[in-house]
Amino acid sequence: MSNVLLVVVIVVALGFDFTNGFHDTANYVATWVGTRALSPRIAVAVAAAANLAGAFVTTAVAKTVGKGIIDTGLATEQTVLAALIGAIAWNLITWWLGLPSSSTHALIGGLVGAALVQSGYSGVQWHGVVEKVVIPGLASPAIGFAFAFVLMALIYRLFFGLSPGIAHRGFRLGQLASGTFVAFTHGANDAQKTMGVIALALFTNGNLSEITIPTWVKISAGLTIAAGTYAGGWRIIRTLGQRIYKMQPEHGFAAQIAAGTTLWAGTHYGFPISTTQVVTGSVMGAGATRRFSAVRWGLAGNILLAWLLTLPAAGLVAAALYYPLSWIF
């Protein structure tokens, strides 16, 4: 396969990484901005730095994406390129609509859709999709919701006697650490998805004898997702920061701790889970402790619909692009 195509795939993969950064910025920046713990520009700058640091922690997720979703023996650069363009298209559509959909599931859906067209049913490692993507994808927002709900209940019980002014100032300071933790775990999980795709392209082109992650891939993916994070995703920040419910600093703190811990556990086990889903579930869990009616469940339902559409929508775009890209390259 030509080196020109390989370069195109790497450039497009980094383009996806950039859209992942600005699309998913809202996942942790919104809980800072929504509670006024940090200004938007400072929040995205801190998040970008934490994303970059997280990208170098481990490669477990990268290896899952690189060799655990589609058959590496059948995949080609055209498969990877179609998957990436499908994922980018869905990211841009949902960003424009202000919906916090999953960049993770957009990429997985793109890979599955392109592989199905290229190789049929055998092109997809279905056990890997179910065990590494579907089950963790369903469980992680529920875990984030439950963790944030319990943590928020404990906060109410332990700090019940504090005046609102003192409590709000204290939890705003706490959010500096908890929000940075979420951004760090986002970098650890999400930057690896791009690393895995680039490694897969290098493998299919014969540049790697097995799926490993070269240092230059880690650096480029880490820098790109950090740049995308700094670019910001203001439409989605508004949705998560205030439209689900009006957060106070204690809710932001609880949601960030719950989301960061859930993301770190997923990263440790090599699950490419959705930061969007985990943070949204955690935000809703923290808000539900006030009263269930405090959460705008109608908007949450729209977000759920976007999640359900992401895998098949990105897959359909990638499937439609596979043959045109094969003719071009």
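Which element of the protein has the lowest mean pLDDT, and which the highest?

## Model confidence

In this predicted model, the lowest mean pLDDT among the elements, 53, belongs to helix α10 (residues 234–243). The highest, 93, belongs to helix α6 (residues 103–119). Across the protein the average pLDDT is 85, and 90% of the residues score at least 70. Where pLDDT is low, the predicted coordinates should not be read in detail.

## Nonpolar cores

The largest nonpolar core comprises 52 residues, and I69, L84, L107 and M195 have the most contacts inside it. Two or more residues are given to this core by each of the elements α1 (3–24), α4 (60–67), α5 (77–97), α6, α7 (126–158), α8 (164–204), α9 (215–231) and α13 (297–328).

In soluble globular proteins, nonpolar side chains tend to be buried together.

## Surroundings of L107

L107 is one of the residues with the most contacts inside the largest core. When neighbours within four places in sequence are set aside, the contacts of L107 are F16, V65, L84, A87, K193 and V197. Of these partners, L84 is likewise listed among the residues with the most contacts in that core.

The structure has one salt bridge under the rule applied. It joins the side chains of K193 and D190, with an N to O distance of 2.7 Å. K193 and D190 lie about one helical turn apart, because they are three residues apart in helix α8. Both residues, K193 and D190, are buried. K193 is also in contact with L107.

Technical notes: Residues are numbered from 1 along each chain as its sequence is written. This is a predicted model: local features need pLDDT of at least 70, side-chain atom pairs count only at pLDDT 80 or more; totals for chains, interfaces and linings use all residues. Side-chain values use heavy atoms; hydrogens and water are left out. pLDDT is the predictor's confidence in each residue, from 0 to 100. Helices (H or I, at least four residues) and strands (E, at least two) are DSSP runs, numbered from the N terminus. A nonpolar core is a set of buried Ala, Val, Leu, Ile, Met, Phe, Trp, Tyr and Cys residues joined through side-chain atoms within 4.5 Å. Buried means under 20% relative accessible area, exposed over 50%, partly exposed in between (1.4 Å probe, protein chains only). Contact means heavy atoms within 4.5 Å. A salt bridge is a side-chain nitrogen of Lys or Arg within 4 Å of a carboxyl oxygen of Asp or Glu.
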